[in-house]
Amino acid sequence: MLSPEAERVLRYLVEVEELAEEVLSSKRQIVDLDTKRNQNREALRALQQDLSLSEDVMVCFGDMFIKMPHPQTKAMIEKDQAHLDSEIDTLRKQLKLKVNRLFEAQGQPELKGFNLNPLNQDEMRAVKVILKG
């Protein structure tokens, strides 16, 4: 049997490893979803360049191709793109919390500037007005 001190250290190491694994898993998920989002962007660009809206297009689902109407395909990809964007945003917000928990478990201070949010359009306009003088 381990001494109480050794058990405490082991529990601490297990907790830190689990938190680190969650962070890495979330990062991997974001990368995978971003790859899919880029593929969707490529597909939308190809559909925009193809001006024959009346013809059906071939769409790859997994390992099979299906012929679908051009407008329906574009709408489906745009809907998927919006879903991917929201899922990536959610994962990024969760990742910030997971990283903070990991630093807390390691006894390190919280990252400075990690919880920053981008400016919205109104805020950007106000900044531009202030900078122009």
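I started my notes with Leu84, which is buried at a relative accessible area of 2%. A reminder to myself: this is a predicted model.

**Around Leu84.** I looked up where Leu84 sits and found it in helix α2. Next I asked which residues Leu84 touches, not counting those up to four places away in sequence. The list reads Leu33, Lys36, Arg37 and Asn40. I also checked one of these pairs along the chain: Leu84 and Lys36 are 48 residues apart, yet their C-alpha atoms are separated by 8.2 Å.

**The two helices.** I then turned to how α1, residues 4–49, meets α2, residues 70–105. They pack at an angle of about 160°, and their axes are 8 Å apart. Angles over 145 degrees count as roughly antiparallel, so α1 and α2 are roughly antiparallel to each other. Their crossing is left-handed. I sorted the residues of this α1 and α2 contact by class and got 18 nonpolar, 15 charged and 7 polar.

**The cores.** How many residues does the largest nonpolar core have? I noted 13, and the ones with the most contacts inside it are Val23, Ile30, Leu33, Leu95, Val99 and Leu102. Both α1 and α2 supply at least two residues each to this core, with α2 giving the most, 8 residues.

Setting aside neighbours within four places in sequence, Ile30 is in contact with Ile88, Leu91, Arg92 and Leu95.

My last entry is a second, separate core of 6 residues, among them Leu44, Leu47, Val57 and Val59.

Note on methods:
Residues are numbered from 1 along each chain as its sequence is written. This is a predicted model: local features need pLDDT of at least 70, side-chain atom pairs count only at pLDDT 80 or more; totals for chains, interfaces and linings use all residues. Side-chain values use heavy atoms; hydrogens and water are left out. Axes are lines fitted to C-alpha atoms, for helices over the stretch in contact, and angles run from 0 to 180 degrees between N-to-C directions. Helices (H or I, at least four residues) and strands (E, at least two) are DSSP runs, numbered from the N terminus. Angles under 35 degrees count as roughly parallel, over 145 as roughly antiparallel, 65 to 115 as roughly perpendicular and the rest as oblique. A crossing is left-handed if the near helix is turned anticlockwise from the far one by less than a right angle, and right-handed if clockwise. Ala, Val, Leu, Ile, Met, Phe, Trp, Tyr, Cys and Pro count as nonpolar, Asp, Glu, Lys and Arg as charged, and the others, Gly among them, as polar. A nonpolar core is a set of buried Ala, Val, Leu, Ile, Met, Phe, Trp, Tyr and Cys residues joined through side-chain atoms within 4.5 Å. Buried means under 20% relative accessible area, exposed over 50%, partly exposed in between (1.4 Å probe, protein chains only). Contact means heavy atoms within 4.5 Å.
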